[in-house]
Amino acid sequence: VQLQASGGGVVQAGGYLRLSCTASGRVYAMGWFRQAPGNEREFVAAIDRPGRSTTYTDHVKGRFTISRDIAKNSMYLQMNSLKIEDSGVYYCAARKVTKISSASPGYDFWGQGTQVTVSS
């Protein structure tokens with residue numbers, strides 16, 4: 001299975017972006033991770049296959065919303081009220097099981113990443 005992430009860009013603080021991730025095959029739980037220069041990759045959000053269960057890192061709760069469209073084999077991340085510290089490369093990931101996870105080793109497939117830059 002291949003994952004294709006898109007939607008990154010440059011936006012001013014307080015602005016918004018919507019990331020998309022499309023899978024080439026059937027996947028179950030999916031998630032978003034991000035990595036800023038010099039930092040380790042960190043968990044952002046995850047969603048189960050039905051889209052009923054979601055979880056977020058505290059850093060984005062209330063600002064980001066994860067969703068998915070099973071028919072389109074796609075996942076989305078609506079990012080509002082962006083902060084400079086949200087900048088980084090955002091990666092989408094997918095699992096072979098339904099249970100969501102915030103741990104990157106639990107993911108079986110990874111996309112190539114899309115750059116998000118939030119400026120002041």
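**Charged and aromatic side chains in a predicted model**

R34 is buried, with a relative accessible area of 5%. Buried means under 20% relative accessible area, exposed over 50%, and partly exposed in between (1.4 Å probe, protein chains only). The model is predicted: local features need pLDDT of at least 70, side-chain atom pairs count only at pLDDT 80 or more, and totals for chains, interfaces and linings use all residues. Residues are numbered from 1 along each chain as its sequence is written, and side-chain values use heavy atoms, with hydrogens and water left out.

Four salt bridges were found in a search of the whole structure. A salt bridge is a side-chain nitrogen of Lys or Arg within 4 Å of a carboxyl oxygen of Asp or Glu. R34 pairs in this way with E42, with 2.6 Å between the closest N and O atoms. E42 is partly exposed, at a relative accessible area of 30%. K61 and D58 form another salt bridge, at 3.0 Å from N to O. D58 is exposed, with 61% relative accessibility. R63 and D86 meet at 2.7 Å, N to O. R63 lies in the loop between β6 (54-56) and β7, and D86 in the loop between β8 and β9, so this pair ties together parts 23 residues apart in sequence. Strands (E, at least two residues) and helices (H or I, at least four) are DSSP runs, numbered from the N terminus. R63 is buried at 10% relative accessibility. D86 is buried at 1%. Salt bridges with shared partners join R34, E42, R63 and D86 into one network.

R95 presents another case. This residue is found in the loop between β9 (88-94) and β10 (109-110). R95 is buried yet has no salt bridge. The nearest side chain of opposite charge, D108, is 5.3 Å away. Here Lys and Arg count as positive and Asp and Glu as negative, while His and the chain ends are not counted. A polar atom of the R95 side chain lies 2.7 Å from the backbone oxygen of G106. Contacts of R95 (heavy atoms within 4.5 Å) include V27, Y28, A29 and I100, not counting residues up to four places away in sequence.

Aromatic side chains were examined next. The whole structure holds four aromatic pairs. In F33 and F43, the ring centres are 5.6 Å apart and the planes stand at 70°, so the pair is edge-to-face. F33 lies in strand β4 (residues 30-35) and F43 in strand β5 (residues 42-47), so the pair ties together parts 10 residues apart in sequence. Rings of Phe, Tyr and Trp (its six-membered ring) pair if their centres lie within 6.5 Å; planes under 30 degrees apart count as stacked, over 60 as edge-to-face and the rest as tilted. F33 is buried, at 2% relative accessible area. F43 is buried at 11%. Ring pairs link F33, F43, Y107 and W110 into a cluster.

R41 sits over two rings. Its charged end lies 4.1 Å from the ring centre of Y91. R41 also lies over the face of W110, at 4.6 Å from the ring centre. A charge sits over a ring if NZ of Lys or CZ of Arg is within 6 Å of the ring centre and within 35 degrees of the ring normal.

Two residues other than glycine have positive phi. For N73, phi is near 55°. N73 is buried at 19% relative accessibility. For S81, phi is about 50°. S81 is partly exposed at 41%.

Note on methods
Polar contact = N/O pair within 3.5 Å; in protein donor to acceptor, adjacent residues only side chain to side chain.
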